Amino acid sequence: MDLFRFMIVNKSWWDTVDFIASNSVGREMERIGNWRPIMEEWLTSGNIWPQRTTLIFQLKYRNRVDKDWLHYAISNLRVDNEFFIQKAIGWALRQHARVDPDWVLAEVEQQGLVGLARREVLKHLK
């Protein structure tokens, strides 16, 4: 995980971060199982790239998404106006909507998502 974090922080651009997050980090988090302490540290890091990773590392999990974590991460980042954070919130929810659209729609309302995040989520739902 130290190597992945180094790459995310030091090769910081969305395409690099997104590939590492949704592939390498996502697989490693499934492998180690107890990933919450790591993701909590990344979520509270103050750096948008590890924070973005906390939102999108589960993109390929389909019905294995930890919805409690996704809700928690969004709750902590939803007021951040950073483009790449808002885009990631929308992307993570849009991806999960393929499996559980009712939960995603309820989450959008419960979180009070607006702007870019909301548009990204609802792009294919309504």
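In this predicted model, I89 touches L55, I74, L77, R78, L113, A117 and V121, leaving aside residues up to four places away in sequence. I89 is also, together with V25, M39, L55, F57 and L93, among the residues with the most contacts inside the largest nonpolar core, which has 36 residues. Two or more residues of this core come from each of helix 1 (2–10), helix 2 (14–32), helix 3 (36–43), helix 4 (48–56), helix 5 (67–77), helix 6 (83–97), helix 7 (101–111) and helix 8 (115–122), and the largest share, seven residues, is given by helix 6.

Helix 5 has W69, L70, A73, I74 and L77 as its buried residues. Because they cover an arc of only 130 degrees around the axis, they are on the same side of helix 5. These buried residues pack against helix 3, helix 4, helix 6 and helix 7, while the N-terminal end of helix 5 is capped by D66, a side-chain oxygen lying 3.1 Å from the backbone nitrogen of D68.

The salt bridges number nine, including these:

| Pair | N to O distance |
|---|---|
| R31 and E28 | 2.6 Å |
| R94 and E120 | 2.5 Å |
| E120 and K123 | 3.2 Å |

R94 is buried at 18% relative accessibility, and E120 is buried at 5%, whereas K123 is partly exposed at 45%. Through shared partners, salt bridges join K87, R94, E120 and K123 into one network.

R31 and E28, by contrast, both lie in helix 2, three residues apart; R31 is exposed at 60% relative accessible area, and E28 is buried at 19%.

Conventions:
Residues numbered from 1 in each chain as written. Predicted model: local features only at pLDDT ≥ 70, side-chain atom pairs only at ≥ 80, totals over all residues. Heavy atoms only, no water. Core = buried A, V, L, I, M, F, W, Y, C linked by side-chain atoms within 4.5 Å. Buried < 20%, exposed > 50% of the residue type's maximum accessible area, 1.4 Å probe, protein only. Helix = DSSP H or I, 4+ residues; strand = E, 2+ residues; numbered from the N terminus. Contact = heavy atoms within 4.5 Å. Arc of directions from axis to C-beta. Polar contact = N/O pair within 3.5 Å; in protein donor to acceptor, adjacent residues only side chain to side chain. Salt bridge = Lys/Arg side-chain N within 4 Å of Asp/Glu carboxyl O.
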